[in-house]
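This report covers model confidence and backbone geometry. The sequence and structure are shown first.

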Amino acid sequence: MKLVQQSAVLLLIVACCQAASLPAAEKDRPNILFIIVDDQSPFDLKTYNPDSILETPAIDRLAREGMVFDGAYHMGSFSGAVCTPSRHMVMTGRTVWHLPNALGGKHCPDDILQHVMAAVFKHAGYDTMRTCKNGNSYAAANKLFDVVRDATKRGGTPETGSAWHGEQVLSYLNEREAAADDDPFLIYFGFSHPHDTRNGTPELLAKYGATNHRDKNSLPPANAKQPPLPVNYLPEHPFPHGHPGLRDEVAVSGVWQRRDEQTIRNELGRQFACDEYIDQQIERVLKKLEEMNELDNTYIFYTADHGMAIGRHGLQGKQNLYEHTWRVPFIVKGPGIKPGTRVTGNSYLLDVLPTLCDLAGIEMPESVEGRSLKTVLDGQQDVVRETLYGVYCGGTKPGMRAVKRGDWKLIKYDVLNGTVHETQLFNLAANPHEFLAEHGKSEPLLTNLASNPAYAEKLAEMEALLLSEMRRLDDPYRLWNQPADGPVSPPTQKKKKRPGKK
Ligand SMILES: [Ca+2]
Ligand SMILES: [Ca+2]
């Protein structure tokens, strides 16, 4: 009797294994092409900013044939290298304070590497490949892809710039074609640009009137072809952002501490040259997928690890929580998605992994805290959550916090040892660019409303909402006007031996 049971179990296991590798079933599973660029504000793109002079026909096509998210965010960072937590959130689907590299990993399961993107998809029978920059990422999760072709490419030639990443994907697809490999694939198509140094190709620099300016003692030449100043440009931020000496605000080659029109417009021109070069690589890969007859069975995601200031609000870097930097571009095209649709979403980058799992019919790991966006993608709902939380805690502590619900957004700054306490309240429906008094707009809603008594009740509501989000997400800090109930402790690095490391 016992033997019979054992054989039955064995048969079942064999049957399951066979089912998992059945070629017929595999054929129906969608491919994934996940495109992620480094440091791009959604407002660079025409899709998000019709006044932008940037030309990105491939991204425009994805938007036309897919769904555009107007409310896609990255949750934030506890480090000046905002890329790092952002990319950990993409790989794990976990919230910012629950990442393996946050607070010594105290809120993260020890076996997290078994549940990261590449591990999960490989286990489900997908072929996995990635190309991206090196560094400020999640190295242990990145190396789990079957094929890894990573290198940092921020030059202005095909070999040293974004075309290199495009080549890696194209050659991988060519190899699959030659081998007649019809397993479903997950390709993580990452770029090193438009992150500085923004060395564009000569043709695209000329198109956007920009030069790769290297002399700190002179201004780059003015040129009418350069992008205009952003609408919310300021020559300086109205108060200290709280991260003295921050590289991105003072040391980026070509900008340094300058915020004059000539410098900012040249840098935006360089950014656009890099943006369009990325777009050309996406075009090549889409064309190849079309030739291989795989395009219609592929979900294509386009996003960035976070946004970017470049002169907006007098800032230069990615270490702030204004919409230009807290938000990310997010476009999805694929089977079943109604072309040309636009949603709010209220999504985070940590929703990517559960979404990919859901679309591929893969069971979501229990470690995932993000939400699948499938119900948004198939038109059932507009948002997956009501409230969004944002943090920048890479400079002086506690740093910046943001919370958003509906049209309302609160940003708070508690930095420089308690010497800077600032509160901003915006109605984003009326004031989407978050104009401040310094922008000199006359309309009453086009400014920071935090000190306007007419909005005192709204302010109190948003303050309460922020506190509840900080508690819910295990934010270890509290701000000056919050109850001291947080486990305020300086983040410590838990010394853990990494597998495979001696
Ligand atoms: Ca980045
Ligand atoms: Ca294969």
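Is Asn417 exposed or buried, going by its C-beta neighbours inside 10 Å? The model is a predicted one, and in it Asn417 counts as exposed because it has 9 such neighbours, where the cut-off for exposed is 12 or fewer. Asn417 sits in the loop between strand S14 (408-415) and strand S15 (420-427).

**Backbone geometry**

Most residues other than glycine have a negative phi, and most peptide bonds are trans. The table lists the exceptions discussed here.

| Site | Feature | Value |
|---|---|---|
| His193 to Pro194 | cis peptide bond | omega near 0° |
| Lys397 to Pro398 | cis peptide bond | omega about -5° |
| Trp256 | positive phi | about 50° |
| Asn417 | positive phi | near 50° |

Pro194 belongs to strand S7 (residues 185-194). Pro398, in contrast, is in the loop between strand S12 (387-392) and strand S13 (399-405). Trp256 is placed in the loop between helix H9 (247-250) and helix H10 (261-291). Trp256 has 13 other C-beta atoms within 10 Å and is therefore partly exposed.

**Confidence**

For the protein chain the mean pLDDT is 93, with 92% of residues at 70 or more.

Conventions:
Residues numbered from 1 in each chain as written. Chains lettered and ligands numbered in written order. Predicted model: local features only at pLDDT ≥ 70, side-chain atom pairs only at ≥ 80, totals over all residues. pLDDT = per-residue confidence, 0-100. Helix = DSSP H or I, 4+ residues; strand = E, 2+ residues; numbered from the N terminus. Buried ≥ 20, exposed ≤ 12 C-beta atoms within 10 Å, placed from the backbone.
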